[in-house]
Amino acid sequence: MITPRISVVAPAYNEAGNLPEFIKKTVAALKKITHDFEIIIIDDGSTDNSLAILKSVKKEIKELKIIRLRRRSGQTAALMAGFNLANGEIVVVFDADLQQDPDDIKKLITPILNKEAEVVSGRRQKRKHSLFIKLIAWIERIINRVFLGIKLYDTAVSPNAYKKETL
């Protein structure tokens with residue numbers, strides 16, 4: 001198996017309590033796969049101490065890149081900023097809130113490395129949304145499958161992995 005350059009893109013809003021642990025676990029998971037990686041944290045206008053913590057951690061982790069959005073812009077804007085900066089052949093999206101295990105990065109990228117997929121997406125096991133949100137997601141899934149040929153169950157969930165050229 002080749003060792004790819006990987007970019008992990010993680011939006012963060014008021015995650016000061018999670019960021020050091022998230023970065024530590026992500027670095028450890030990535031070093032099991034490759035030594036050619038970067039971690040891009042997008043601070044989405046946090047009002048807590050997130051930016052100061054990121055700057056402090058960056059002194060020790062040279063692979064860490066920080067994007068600071070001046071005001072809360074939302075997940076889509078944060079991800080787009082991260083995608084624009086990402087240099088990896090594979091881009092992995094994770095939330096910085098530690099609800100996902102960075103050790104799953106290897107599972108996510110394996111189908112891409114094996115040329116079985118260009119996009120790999122996580123899936124929520126127990127969706128806790130209103131009926132309206134579930135209906136919107138169902139309609140999106142049908143549109144994606146019928147018109148775009150994308151067979152993903154839930155495009156609004158992370159973790160995800162993408163071939164950079166596909167992004």
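1. Read along the sequence, the chain follows the order β-α-β-α-β-α-β-α-β-α-β, giving five helices and six strands, where helices (H or I, at least four residues) and strands (E, at least two) are DSSP runs numbered from the N terminus. The model is a predicted one, in which local features need pLDDT of at least 70 and side-chain atom pairs count only at pLDDT 80 or more, while totals for chains, interfaces and linings use all residues. Residues are numbered from 1 along each chain as its sequence is written, and side-chain values use heavy atoms, with hydrogens and water left out.

2. Of the 167 residues in the protein, 44% are buried, a label that means under 20% relative accessible area, as against over 50% for exposed and the range in between for partly exposed (1.4 Å probe, protein chains only). Contacts (heavy atoms within 4.5 Å) with a separation of 6 or more come, in 76% of cases, from residues 24 or more positions apart.

3. I23, leaving aside its neighbours within four places in sequence, is in contact with I39, I41, L54, V57, I61 and L64.

4. The structure holds 10 salt bridges, each being a side-chain nitrogen of Lys or Arg within 4 Å of a carboxyl oxygen of Asp or Glu. In the one between K32 and D103, the closest N and O atoms are 3.3 Å apart; K32 lies in the loop between α1 and β2 and D103 in the loop between β4 and α4, so this pair ties together parts that are 71 residues apart in sequence. K32 is exposed at 60% relative accessibility, whereas D103 is partly exposed at 39%.

5. R68 and D43 also form a salt bridge, at 2.9 Å from N to O, and because R68 lies in strand β3 (residues 64-69) and D43 in strand β2, the pair ties together parts that are 25 residues apart in sequence. Here D43 is buried, at 1% relative accessibility, while R68 is partly exposed, at 37%.
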